[in-house]
Amino acid sequence: MISSTVSERIEKIFYTLLNYFGPQNWWPAETRYEVIVGSILTQNTSWKNVEKAIKNLKEKGLLDIEKISEIDLKDLYELIKPSGFYKQKAERLKNISKRILIDFGNVENMMRYDLDYLYKYLISLKGIGDETAESILLYALDKKIFVVDSYTIRIFQRLGLPSNREEIKNQVMNTLKELDNLKEFHALLVELGKRYCKKDPKCDGCPLNDSCLFRKGVER
DNA sequence: AGCCAGGACTGAG
DNA sequence: CTCAGTCATGGC
């Protein structure tokens, strides 16, 4: 087989997944602020549980940055409890909301700033690490950045691709340049990961089996 | 019945 | 810098 560049392989994987799963249309939310809320609540938590918390907030009309920044913490506990880690998430979510209001006035105003500045700002907030910052930048603020999560790292490893965070980010961003493609690729990798690339993998039916080193190593 | 989710933070070594 | 411990609910 002729040698292909990392970029060529990534591009092929992207279109293979897109063809196989179809567009995922992430991030499911009505507002940019809702994306930010979801990105905090979904940390190490299944999206199913996050949906309940979001629903609770919406039903009370509280999915609003000004209302969350003023809400009583105890009340927020009860509303987001289904999404787990509810004490620290409530505290962090409230604080992050207050900070954004103070520093930018509203979420829309954040979009005027460049990616590097916003990235540094976001990770300076308690409760926002690398991945959450990337998610907010990409899905809430429409900035061109690639989200690297644990599935991405594991999948790249098993495919024999660069598996270092920054290396993955650089390679993907050097390959997929459209905002919508960057959004889709991360969503597709999560979908692939959930179905086929757990620690104890179920490779049956995986669309990437032919290029998965792990698969080749596992089957005798 | 466990195991683990669309992580981040902290303290120890 | 790496890494285990911690935070917590609910689905499968």
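**Exercise 1. Work out which residue classes make up the surface near DNA strand B, and which element gives the most to it.**

*Solution.* Step 1: sort by class. The surface near DNA strand B has six nonpolar, 10 polar and seven charged residues. Here Ala, Val, Leu, Ile, Met, Phe, Trp, Tyr, Cys and Pro count as nonpolar, Asp, Glu, Lys and Arg as charged, and the others, Gly among them, as polar. A residue is near a strand if its C-beta atom, placed from the backbone, lies within 6 Å of it.

Step 1: pick out the nearest ones. Of the 23 residues around DNA strand B, those that come nearest are Gln 43, Asn 44, Trp 47, Gly 129 and Thr 132.

Step 2: find the top contributor. That's α9, with three residues. Helices are DSSP runs (H or I, at least four residues), numbered from the N terminus.

Before you go on, keep in mind that this is a predicted model: local features need pLDDT of at least 70, side-chain atom pairs count only at pLDDT 80 or more, and totals for chains, interfaces and linings use all residues. Residues are numbered from 1 along each chain as its sequence is written, while chains are lettered from A and ligands numbered from 1 in the order in which they are written.

**Exercise 2. Describe how helices α2 and α9 pack.**

*Solution.* Step 1: get the geometry. Two packed helices are described by the angle between their axes and the distance between the axes. For α2 (residues 32-41) and α9 (residues 130-140), the angle is about 160 degrees and the axes are 9 Å apart. Axes are lines fitted to C-alpha atoms, for helices over the stretch in contact, and angles run from 0 to 180 degrees between N-to-C directions.

Step 1: name the arrangement. α2 and α9 are therefore roughly antiparallel (angles under 35 degrees count as roughly parallel, over 145 as roughly antiparallel, 65 to 115 as roughly perpendicular and the rest as oblique).

Step 2: find who touches whom. Arg 32, Val 35, Ile 36, Ser 39 and Ile 40 in α2 meet Thr 132, Ser 135, Ile 136, Tyr 139 and Ala 140 in α9. Contact means that the C-beta atoms, placed from the backbone, lie within 7 Å. By class, the contact of α2 with α9 has six nonpolar, three polar and one charged residues.

**Exercise 3. Find how α1 and α10 are each oriented against α12.**

*Solution.* Step 1: take α1 (residues 6-21) and α12 (residues 179-196). Their axes come within 10 Å and cross at roughly 70 degrees, so the two helices are roughly perpendicular.

Step 1: look at the α1 contact. Phe 14, Leu 17, Leu 18 and Phe 21 in α1 meet Asn 181, Glu 184, Phe 185, Leu 188, Glu 191 and Leu 192 in α12. That contact has seven nonpolar, one polar and two charged residues.

Step 2: take α10 (residues 150-158). The axes of α10 and α12 come within 9 Å and cross at roughly 75 degrees, which makes α10 roughly perpendicular to α12. Tyr 151, Thr 152, Arg 154 and Ile 155 in α10 meet Leu 189, Val 190, Leu 192 and Gly 193 in α12.

How values were computed. Two residues are in contact if their C-beta atoms, placed from the backbone, lie within 7 Å.
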